[in-house]
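Subject: Structure for your review

Dear colleague,

Please find the structure below, together with a description of what was found in it.

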Amino acid sequence: MTILNYVIISASENLLKTPMCLAIPVRVAQLISEDRAMVDLGGVRKEISLVLVEDVKPGDYVIVHVGFALQKLDQQEAERTLAMFAAVAGDISADMD
Amino acid sequence: MKYIDEFRAGNIARKIAGKILAEADSRRRYHLMEFCGGHTHAISRFGIPDLLPGNIRMIHGPGCPVCVLPIGRIENAIQLAKMPGMILCCYGDVLRVPTLSGMSLLKAKAQGADVRLIYSSTDAINIARQNPHRTAVFFAIGFETTTPPTAVVIKQAQQLGLVNFSVFCNHVLTPSAISHILQSPEVRELGLVSIDGFIGPAHVSVVIGSQPYEYFAEEFQKPVVIAGFEPLDVMQAILMLVRQINAGRAVVENEFTRAVMPAGNVNAKSLVADVFELRRSFEWRGLGAVPYSALKIKACYADFDAERRFEIFTPSIADNKACECGAILRGVKRPQDCKIFGTVCTPENPIGSCMVSSEGACAAYYRYGRLRPRHAAASGSA
Ligand code: SF4
């Protein structure tokens, strides 16, 4: 039933030029139904499917690929990786916590 | 954009490069294969080879889904598209791929075939529902990342009882291609393939997890580091591989912890297992027949399998003899070793698979690295 009210949103030119292999983290702006959400793609709004992921809330980041969220991005882990880069770079000021 | 820009900081990239330079042993060479086309693209786009010492060489693997699709399957799709009443739905990447006669889905469209470019598999279902008196086929391609979305629409089509929708399935599997590269007889013929470690794919691993790579690490004693798509991710993964190689270790490490879990996306994997089963063998452009490397639709979803519905037979079509893709994809040669690279074979007129999409090794090299002089020190093949 949720697919019944799904409306094709014509993807922007730019999106279509992105190689299909590339997937990017995007912010969930709003939930439309149990398994559909509106995401914010650097200013462009786009509807995606949430059927492959669980417990997604507005404000979460998800890895989106061909219109489907493949995984929720773990923001804590992202910060940890950035902190590791900073440590590798010997930049103590960028140390997290 | 958040979680993209921070992973592109040039100053940190240079610092990681300094670490790599300091830790890489100048007496040994490091041949590292990035399997995934997305990494190939990022490595070329951000000029990562320029940041690496001469004894670290990146080898571009066969992880570009459009490049490895055999021309015979493109022929099949063109034939389907030309059938009366047919709407063929496909991802944009496959539109331009030429067959040997120079035909493509784009040209078929220009000649009147109803070929629709879609962004998502869901679009294909909608097109079928909006055109109940016509037949719609979704030309599905890609690795483990696009497979779950295809599984979702096949199940939806069954639930909706859609009789005018089917899928021409061309989904392929990453782990089987990696083992093929490491152990196929061609590798022995082509000479010593010198791969010292792998950068594991980003989004494929989001779906399948890090566990499937443990086999390579153990069986072939090759370290694997799963990396995100951004340049800092790739640089960090290279540093982690250098450290493993120096220490004589061969384990699976995960740099992309913000998105990759050990078991991957369990939900997505079980959907795929429900809808698809392994093909005994599938032809990969540039690699030839690879055993158990692709998926087909299970018999219980036969109504939605275009291959059964339209009795599709795929001819095997060889690439031009001059094309070195087979050797390039196995790390034995490089794009500039091909005699027709950049002259006869260009992105506008691709002769072999590696030139087909911007994620292919030859196309990425043509676009970003064509003018870069060759590292004498890094030259593996004489
Ligand atoms: S340049 Fe073209 S013909 Fe040569 S190896 Fe690459 S894809 Fe094949």
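Does A:His65 count as buried or exposed, and why? The model is a predicted one, and in it A:His65 has a relative accessibility of 1%. Buried means under 20% relative accessible area, so A:His65 counts as buried. This residue belongs to strand β4 of chain A, which covers residues 61-65. Its side chain also reaches across to the other chain: a polar contact of 3.2 Å joins the side chain of A:His65 to that of B:Thr145.

Chain A as a whole

Chain A contains two helices and five strands. Along the sequence, their pattern is α-β-β-β-β-β-α. The chain has 97 residues, and 49% of them count as buried. Among the contacts in chain A with a separation of 6 or more, 35% come from residues 24 or more positions apart.

Helix α2 of chain A

Helix α2 of chain A consists of 14 residues, 75-88. From its first C-alpha to its last it reaches 20 Å, close to the 20 Å expected at 1.5 Å a residue. At the start of α2(A), a side-chain oxygen of A:Asp74 comes within 3.1 Å of the backbone nitrogen of A:Gln76. Just after the helix, A:Gly90 adopts a positive phi of about 70 degrees. The buried residues of α2(A) include A:Ala78, A:Leu82, A:Phe85 and A:Val88. Their cover includes two helices of chain B, namely α1 (10-23) and α12 (231-247).

The four-stranded sheet of chain B

Chain B holds an open sheet of four strands in the order β4-β3-β5-β6, with parallel pairing. Strands β4 (114-118) and β6 (165-171) stand at the edges with a single partner strand each, so one side of each has no neighbour in the sheet. On average, neighbouring strands of this sheet are turned by 25 degrees against each other, direction ignored. Helix α4 of chain B (residues 71-82) packs on the sheet and touches β3, β4, β5 and β6 of chain B. The direction of α4(B) makes about 165 degrees with that of β6(B). Inside the sheet, β3 (residues 86-91) and β5 (residues 135-142) of chain B pair in the parallel sense over five bridges. One example of a bridge links B:Cys90 with B:Phe139 in β5(B). Helix α7 of chain B (residues 147-160) lies across β5 and β6 of chain B, at about 160 degrees to β6(B).

The five-stranded sheet of chain B

An open sheet of five strands, also with parallel pairing, has the order β2-β1-β7-β8-β9 in chain B. Its edge strands are β2 (56-63) and β9 (252-254), each of which pairs on one side only. From one strand to the next, the twist averages 25 degrees. Strands β1 (residues 30-36) and β7 (residues 197-200) of chain B pair in the parallel sense over three bridges. In β7(B), B:Gly197 is the bridge partner of B:Leu32.

Helix α8 of chain B lies across β1, β2 and β7 of chain B, running at about 150 degrees to β1(B). Eight of the 10 residues of α8(B) (residues 174-183) are buried, so this helix is largely enclosed by the rest of the structure. Among them are B:Thr174, B:Ile178, B:His180 and B:Leu182.

With kind regards

Methods: Residues are numbered from 1 along each chain as its sequence is written. Chains are lettered from A and ligands numbered from 1 in the order in which they are written. This is a predicted model: local features need pLDDT of at least 70, side-chain atom pairs count only at pLDDT 80 or more; totals for chains, interfaces and linings use all residues. Side-chain values use heavy atoms; hydrogens and water are left out. Two strands pair if DSSP finds at least two bridges between them. Axes are lines fitted to C-alpha atoms, for helices over the stretch in contact, and angles run from 0 to 180 degrees between N-to-C directions. Contact means heavy atoms within 4.5 Å. Buried means under 20% relative accessible area, exposed over 50%, partly exposed in between (1.4 Å probe, protein chains only). A polar contact is a pair of N or O atoms within 3.5 Å; within protein, one must be able to donate a hydrogen and the other to accept it, and residues adjacent in sequence count only if both atoms are side-chain atoms. The expected span of a helix is 1.5 Å times one less than its number of residues.
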